Every structure is written in structure tokens, then in C-alpha cells.
Amino acid sequence: MSKVLVYYAHPGQNNSRVNSQMVTRAQQIEGITFVDLYAEYPRFQIDHVVEQERLVEHDVIIFQHPIHWYSTPALLKEFVDRVFDLGFAYGIGGDKLKGKRLLQAVSAGAPKEAYSKNGYQNFPLRTFLTPMQQTATLCQMTYLTPFVLYDVLSSDILAQIEAHANAYEALLIALRDDTFDEANAAKLEYFEARDVAKLGKG
Amino acid sequence: MTGFLLPAFIFLIAGVIAVPIASRLGLGSVLGYLLAGIVISPVLTTLGVDVVSIQHFAEFGVVMMLFLVGLELEPKMLWNMRAKLLGLGGLQVMLTALAVMGVAMAFGQPWTIALAIGMVLALSSTAIVLQTLNEKGLMKSDGGQASFSVLLFQDIAVIPMLALLPLMAMPELMDMAADHGAHGTDAAHGGGHGDAHGDDHGGDDHGPSLSLTEGLPGWAQALVTLGAVGFVVVLGGFLTRPLFGFVERANLRELFTATALMMVIGIALLMTLVGLSPALGTFLAGVVLANSEYRHELESDIDPFKGLLLGLFFMTVGAGVNFDLLFANLGNVLAMTVGLIVLKATVLFILAKAFNVGGTDKWLFGLGLAQAGEFGFVLLSFTVANSVIPQSVADQLLLVVALSMLLTPGLFIFYDRVITPRLANASAQAEDDIDEKGRIIIAGHGRVGGLINRMLRLEGHETVVLDYSSSHLEMVRAFGVKAFYGDATRPDLLHAAGIEEAQMIVIAIDDREKITELTHYVAQNYPHVYIIARAVDRNHVYKLYAAGSRDIIRETFDSTIRMGRSALEALGVHPFEAEKKAQEFVARDRSALVQMASVYKPGVPLHQNPEYLEAGKRLMAEQEAEMRGEKPDFHARLKTGWVEPTTDSQE
């Protein structure tokens, strides 16, 4: 069993269709900690002491958020800036995050095809997640393959939301119960809802 | 003085003992009062107490009750009710009167007497029904609304009845009346003389009664009557505000009560003088005032009087039952009473079907109005006085009326215990949910309450504002805010403002003691209400925490921090640095507050509380050390995320 910690960062929750469903599932799972960052720190007054303690207590850290301008919502950036201190996350004596796993569960507005050399985003989505990946690496964490839902602004997405949320739930449970096939997941650039069934059997 | 003290004490002690017992047994206050009256009846007779006069006086409680009912009813709603009022009400009175008349004629009564009996018994008891509906919270239900429409119409119907009845006088009875003199009207059997119901047209043996319309031709009478009604509407609409504003200057609590009473009594008096039912007049006045900012103030002033007078009235009804006559004719009287109830209930059920009142509401309507009412007492003595009905018949009918009133609480209990559980109507309950919106009460509409009210209303929340300054309220109302005048710490005003159904109360008044008092009161009595309390200072925070609020905001704290931050910026500190310092200061202060609150003891002066003193000194010393840079923590926290340049290479 691993201790799973989900940090949810979404500044516009009233309008969320995808993330809100994922949140409902996540909050129901026993044995995982769920933190709504914008609810905890609506005035951006991150308490780094509390959060550092929280990180230390858990094994798997999930950042669940929509992609905002190829990055995380502002509060999550503030979070990393405030909490991942010298002497805590990196540098001399900074090994408190060593060996933990970090996974990003993101929703992207553009369709999959756009995120490629030939698409209008010009780069694969994974490229835009590189900063976070490197952050994890520097802090001696294992950066797991990100879990993605593309094309969330389209009207067709409604049919896929439930499947994605269900898969998210299965993913969290698998991470908690150590049945997630990290090795195989690492071979992928990203994985989606339909991949979770296979990867959850490890 | 003793002449009035002893009966007063007897009535009071009877009520105080009987009603809680009745409530505990689920029997309702009305039955409690009625039984109390019956129990003390022998005592009263021995003391020679004039129960009839007391009942007379107590009937004013009905007048007050209708004023309060009017206050709850906006003019728009009244207009919407007109179909039920005229249709349901009109048919009920007509059909019941005719049905009873038919039965009476079948028993051999001449048609004039039979019709008179029909009219008398067609009316139901406004006092009992409305009181019970209010107690059970059923006024807003379909059944409650239908009952109310009928009762209101009956109130109006009394007027033409009083005009019609003298025309049915029988010569034989007039001779009898002449023989027996004033004896006939002296119904020691609990019959009121109806001064409170405006029957001062003729036949009354109580000397010359005041009247504005006596002796005038028909058209002039109508004109005067309309003028009086118009005057009441004008009084309510335009004079209330200046009147209360004027009275407020003396700043005496009791003057508001006096003013409210003055208004109600004045209107009732005026109505009597023009021959209208005073209850109708005060009802109209209430409707006119329903949208006034003084509504809650009026309600809370009149309510206790109404309660006591009605209680007294019910006790006199119970005390007035002539048990000798009753037991002499027990079979007859019982049969007539039960027959009457069944007949009225039948008519009511038929009407309920016709007017689409279904389910539990149909039963409430049918059972609730099936009795004869206090108007019956009035009309009976009036008919005897006008030689329409012989005394002997009237005496028996009086018992029937009283007995039917006594049995009514039983019918309501039957409705509660048997009907409601059986026919619990799911759709009716859904309607209730939509009706009951969460309400927010804002106590105080000054610098704090006013702004909060705006914030909440902008988000579409329904608020009720209470404030104690009428000049302020005028301005506020001019902007369209629903605000009411009164002292928010008064329980009866809170009750009138709807604290039972409220979701939240924002206590924004500025008197330190009153804030604590109000917090304590609401936390104790209405634990479901979320309390946001304004604190004057740190010590007040501890008191409010102890009083039961968990959301306490110091009135100057946030502003002060902003001033401090502004001062730092003006001194050249970078705005973001200033912001971080301010945030850090707030975090420290909050932590200190929590620590101090845990050693604060309510009632113990600070300088006599050693733990508090010690904690305070320690915190102050820590703060100073940090400010001087002796403790690294404070500054380290400010520097989070910024890496010191090192000459050594990083690992």
C-alpha cells in the first residue's frame, strides 16, 4: 500500500466539466488524501511548513489540473516555488522527497493531433510538461508518465468524461494498492483512459 | 383592587398549569385553555365573577389576531385569494345555513327561526382555527389557505347577517321579550354581547351605544362606512412612518408597544362606530401595513397581548358552559352538536372537492371548520334581543356552540394522529421545500451590516435586515432593501423576522454587550443557525467563542493590517515585501490568538488569570526577539523560495 496525495489546482471550478467529475471520484476513495489548493489558499498564502509535512507523509504525489498556457495554474506554480525549498527538496540536506513518485493528471483543451510537430501546438504535450519532469528529477523523485484527456473544450467530450473519470479512479486505486505497472507506463509518452485497464494490472 | 386581582390570578394560574400539560400531551394550547376554563368555572361562580364581561373583553384578542394575520398577508396575495374568498367562503356560508335551516324546519321550527339558526351555526371559530393552524404551522398549506378564506368571508358575512336578522323578528317573541324585560339578553351561558362585533343596531339593552351611522339614511351610512375604511388604509399607508418616527424620539421601549396598541384599538373603535366588524377593520389595516418596515415591530408588540387575550377568551368559553343545563339535556345537546359537526363537515368536504382541495388538506379543511364559532355567541344574543329566536332555543344552541368548540381540538388531534400519517402527501411536501428558502438575517445595517447585505444580495441571497434607527431605515428602504425596524436582541423580534427558518445570522450591530448577548441567545436556542459575529476587539473574540460562534471577525483587524502594509510601502518597502510581511504578521497574530483563547476564562479578569498573563508575556517576548532578528524563523519564512548565493558549490 502506498500513501497517495492528490493536489487539485483549478481556479474556475464552477465551469469545470471534466475535472469536477474526476474530483468527485477521487474524494470517494478511501486511503488517499485530497487537497483542493484553491480552496486551501484562496489568497495564495501557501503555508510551506504544513505542506512540507504533508509531502513527507505521502509516497505518491498527484498534481491534478487543467493545462493553462502550456503549464500549471498559477497557484500550483506558487506552491512548488514556496514548498520545494532548498534544504527540503534539493540541495544539502534536501532529500525529503527522494524516492517519491510524481504524476500529473491533466486535461488539455486542444485535440491530440494539435499536440505534434505538425499540429498548431507545434510540440507534443509531453514537451510542455518537461519543467515539471525536471523539477521531479532534481528532487530525486520518479516522474511517472502523465495521465491525459485531450480536446476537453469540444462538445463531443461529454461522452468521454465518465470513462475518463472512472479510469482516473482506477488509476488512483492502483497507485494506492501498488498494482500500477510503472515499468510499462514508462514506455509511453502519456496514457489515457483506455490504457488504464492494462496498466492497472501490474 | 382585590376585586380584579383574584379573578386575574385564578385565570393566570389556570392557564399556566393547563397549557404546558396540554402541549406536552400533544393536545394543543386551545384545548388546554378550554379545559382550564372548565376546571375553574365553579371557583368563578362562587366568587361571582362576571365571565360574560370578561369574555367580551377577551374577544379583543380575536381582533388582534386578525391584525397579525393581515400583517402576514401582502395586498397582492389577498387579491389573488378573491376567488377562494368569495367562492369557497360564500358557498360555505350559504349552503351550511340552508342545510341547517332545512334540518331545523324538519324538526318543526318556523322558517324565520330556522333560517336564523342556520346563519348562527354556519359560522366557524376564527379564534380556534387560526390559532391551531398557526401552532401547527399549517397556515401556508392548501387546507390552511382555504380555511382562512372561508373564515375571512364569514367575518364579512356577519355584517349582512346583522342587517338581515332584525327583519325576521316574530311578533310573539317581541311580546315575550317585553314581559321579561332585559332578562333575555343576559345570557349567563357564555354568550357575548357582541360589542366587539359591531352589533349596535337596535335591540341592545346596554344603553345608548356610540355610532357614527345611526339615524343616517342608507346611502349616507354606506358613504361614512367607506370613508372609515379609506381612512384606515390612509393611516396605515402614510401615517405609520411619521408616527413611529415621532415616538422614537422619546427612546422608550414601552412607547412603541403603546403606539401599536393605540393603532389597533383605534382602528377597531372606528370600525365599531360605523357598524363594521372590528376584526375585519384591523385585518385590512394589517394588510396595508404588511409591506411596512415597522411590520416586525408591530408584530412583536401585539403578539403577547393577542396570545394572552385569546387564552383568556378560550378560558371564558370553557368557564361559561352551563353544566346543569347540559346534563339535564345531555342526549339532545350531544346529538345536536355531533349532528352539526357532521353536517358542516359534509358541506365542507363537498366544497373541497369542488374547489380542488385534496388529500390531507381536504381533511384539514373539513374537520377544522366543522364547529360553530364565537360569532355564534354574538349572533345568538343578538337574535334573542331582536326577538328572532326564543330564549329557550337560544340557550340550547349556546351549549351546542360551546360544545362544538370544545370538541374541535379533538378533531384536530384526529387529523394529526390518524389522517396525516395515512395520507402523507409527497407532492405537497415537495412544494414546501421550494417555499422554504434559506434566509439570512442581518442584525444591524450600519457600516458593517450594510456592506455585507449588499455583498450577499448581489449573489442573489435573500436577506432580512434588522436595524434600530428609523431615520437610517428610511434611507435604506429608499434603495429598495427589505429592512425592518427593531432591536435585534429581542427574542420576539427575531422570531418575527423568521429565525426558526433562518440559515444564518450575521451579527453586525455595534454594541459589544449586545453582540455577545445575541450570539449566546441564538447559539443556545437555534443551534442550526450559522452565526457570523462581529467582534469589537481581542477580548471580545474570546467571549464570543465561549458564547458559541465559530466565525468571529474583529471589526478593525483587517483594515488595520492594510493600514500597516500601506505605511510600510509609504516608507519605501517594496509592495510585495510589504504584502509578505503583512501576511506573516497575520499568521503570527492568529496563532497567538488561538493560544490566548485557550487560557482565557470567561468571567475571570485578565490580571487575575495567571495562565493568561504568562502566555501573554511569553508571546510578546518571542515576537520581540524575532523582530530583532534573534530568532531565524521569522525572516527565514519571508525568504522562502529565494536561495542564498553560496561560495561553495552546491551538492
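At 28% relative accessibility, A:Asp177 counts as partly exposed, where buried denotes under 20% relative accessible area, exposed over 50%, and partly exposed the range in between (1.4 Å probe, protein chains only). The model is predicted, so that local features require pLDDT of at least 70 and side-chain atom pairs count only at pLDDT 80 or more, while totals for chains, interfaces and linings use all residues. Residues are numbered from 1 along each chain as its sequence is written, chains are lettered from A and ligands numbered from 1 in the order in which they are written, and side-chain values use heavy atoms, with hydrogens and water left out.

The side chain of A:Asp177 meets that of A:Arg176 in a salt bridge, with an N to O distance of 2.8 Å; the term denotes a side-chain nitrogen of Lys or Arg within 4 Å of a carboxyl oxygen of Asp or Glu. A:Arg176 counts as buried, at 15% relative accessibility. Side chains of opposite charge can pair when their charged atoms come close. Over all chains, the structure holds 26 salt bridges. Another joins the side chains of A:Glu192 and A:Arg194 at 3.2 Å, N to O. In this pair, A:Glu192 is buried, at 12% relative accessibility, whereas A:Arg194 is exposed, with a relative accessible area of 61%.

In chain B, a salt bridge of 2.8 Å (N to O) is formed by the side chains of B:Glu297 and B:Arg253. B:Glu297 lies in helix α14 (residues 295-319) and B:Arg253 in helix α12 (residues 253-273) of chain B, so the pair ties together parts that are 44 residues apart in sequence. Helices (H or I, at least four residues) and strands (E, at least two) are DSSP runs, numbered from the N terminus. B:Glu297 counts as buried, at 0% relative accessibility, and B:Arg253 as partly exposed, at 27%. Through salt bridges that share partners, B:Arg253, B:Glu297, B:Asp301 and B:Arg490 are joined into one network.

A polar contact was also identified in chain B. The side chains of B:Asp589 and B:Arg538 are joined by such a contact of 3.4 Å; the criterion is a pair of N or O atoms within 3.5 Å, of which, within protein, one must be able to donate a hydrogen and the other to accept it, and residues adjacent in sequence count only if both atoms are side-chain atoms. B:Asp589 is located in helix α27 (residues 575-599) of chain B and is buried, at 10% relative accessibility.

Backbone geometry was examined in chain A. Most residues other than glycine have a negative phi, and most peptide bonds are trans. A:Gln140, although not a glycine, has a positive phi of about 65°. This residue lies in the loop between α6 (130-138) and β5 (142-143) of chain A and is partly exposed, at 37% relative accessibility. A:Asp151, likewise not a glycine, has a positive phi of about 65°. Its position is in the loop between β6 (147-149) and α7 (158-176) of chain A, and A:Asp151 is partly exposed at 28% relative accessibility.

A nonpolar patch on the surface consists of B:Phe9, B:Ile13, B:Val16, B:Ile17, B:Ile21 and B:Leu25, with about 590 Å² of accessible area together; accessible areas come from the Shrake-Rupley method with a 1.4 Å probe, and for residues only the protein chains shown count as cover. A patch of negative charge gathers B:Asp510, B:Asp511, B:Glu513 and B:Glu517 on the surface. Lys and Arg count as positive and Asp and Glu as negative, with His and the chain ends not counted; the place of a charge is taken as NZ of Lys, CZ of Arg, CG of Asp or CD of Glu. B:Glu513 is situated in helix α24 (residues 512-525) of chain B and is exposed, at 55% relative accessibility.

B:Phe4, in helix α1 (residues 2-24), is exposed, with a relative accessible area of 55%. B:Phe4 and B:Val49 are 45 residues apart in sequence, and their C-alpha atoms are 9.4 Å apart in space. B:Phe375, in helix α18 (residues 374-385) of chain B, is buried at 2% relative accessibility. The C-alpha atoms of B:Phe375 and B:Ser124 are separated by 7.5 Å, the two residues being 251 residues apart along the chain.

Definitions and conventions
Patch = residues over 30% accessible without salt bridge, like charges linked within 9 Å, V, L, I, M, F, W, Y side chains within 5 Å.
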